[in-house]
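I opened the model to look up a few residues. My notes follow.

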Amino acid sequence: MDIILKYFPELTDIQKEQFAALYDLYTDWNSKINVISRKDITNLYEHHVLHSLGIAKVIHFKSGTSLMDLGTGGGFPGIPLAILFPECRFHLVDSIGKKVKVATEIAQAIGLKNVTTRHCRAEEEKQQFDFVVSRAVMPLTDLLKIIRKNIRKEQINALPNGLICLKGGELENEIMPVKHKAFIYDLKDYFDEEYFETKKVVYVTING
Ligand SMILES: C[S@@+](CC[C@H](N)C(=O)[O-])C[C@H]1O[C@@H](n2cnc3c(N)ncnc32)[C@H](O)[C@@H]1O
């Protein structure tokens, strides 16, 4: 939990409580339904919560922004971002029902009012959002095909609406075929821990 405060020192008391509550909740739920590799649960804050918040180092979402987390699993990056941006709305989607249950239960347990969840394939989700966020779900080109229908035309943020994903390692082959403007940010520029050495945030504009 200290690692979250190290990089996000201005959290409110409510946000601190919500982040702090995640450890017991994920430990408990993960023992029943696997949403995080079991051996990685002790790294929850660094590998999962802080990693999800990497998106916030790149884009600060304006109040009223709507986002979909495609393939949220147990709630990453959607739940950490929903805690950090209580004035934004997050819709968490996953095609595996029991994972959606974990995300739903955890959002409810920490009192997040800005989160909705849905058990469906993202291909079936017709609602529109300012941004789609995603971590470890599918290659960029496949994501882009699915989410084109979900990005609103109207823009309220400084940056154009689009897709923001958390990726690791070599990206050249993934970025190349994309016809949209893509921006890659190295998380090692924001976070000192070795885990972030190869981690990136990829932002692809859809209408801009
Ligand atoms: C490796 S997990 C990552 C989960 C989470 N984003 C995380 O980082 O912990 C990939 C998730 O994407 C979901 N998924 C894959 N294709 C999907 C689709 N077309 N629509 C919705 N969810 C999908 C899977 O069910 C799975 O939960």
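I began with His 47: with 19 C-beta neighbours inside 10 Å, His 47 counts as partly exposed. The scale I used places C-beta atoms from the backbone and calls a residue buried if 20 or more others lie within 10 Å of its own, exposed if 12 or fewer, and partly exposed in between. This is a predicted model; local features need pLDDT of at least 70, side-chain atom pairs count only at pLDDT 80 or more, and totals for chains, interfaces and linings use all residues. Residues are numbered from 1 along each chain as its sequence is written.

I placed His 47 in helix H3, residues 44-58. Helices (H or I, at least four residues) and strands (E, at least two) are DSSP runs, numbered from the N terminus. Setting aside neighbours within four places in sequence, I found His 47 in contact with Asp 40 and Tyr 195. Contact means C-beta atoms, placed from the backbone, within 7 Å. I also checked Leu 70, 23 residues from His 47 along the chain: their C-alpha atoms are separated by 19 Å.

Next I turned to the record. An unreviewed UniProt entry annotates Gly 71, Phe 76, Ala 122, Glu 123 and Arg 135 as "binding site". UniProt positions are in the numbering used here, feature names are shortened, and annotations may be inferred rather than shown by experiment.

Is Glu 123 buried or exposed? Glu 123 counts as exposed, because it has 11 C-beta neighbours inside 10 Å. I found Glu 123 in the loop between strand E3 (115-119) and strand E4 (131-135).

Arg 135 lies in strand E4. Arg 135 is buried, because 23 other C-beta atoms lie within 10 Å. Not counting residues up to four places away in sequence, Arg 135 touches Ser 52, Phe 76, Pro 77, Cys 165 and Leu 166.

Note on methods
Two residues are in contact if their C-beta atoms, placed from the backbone, lie within 7 Å.
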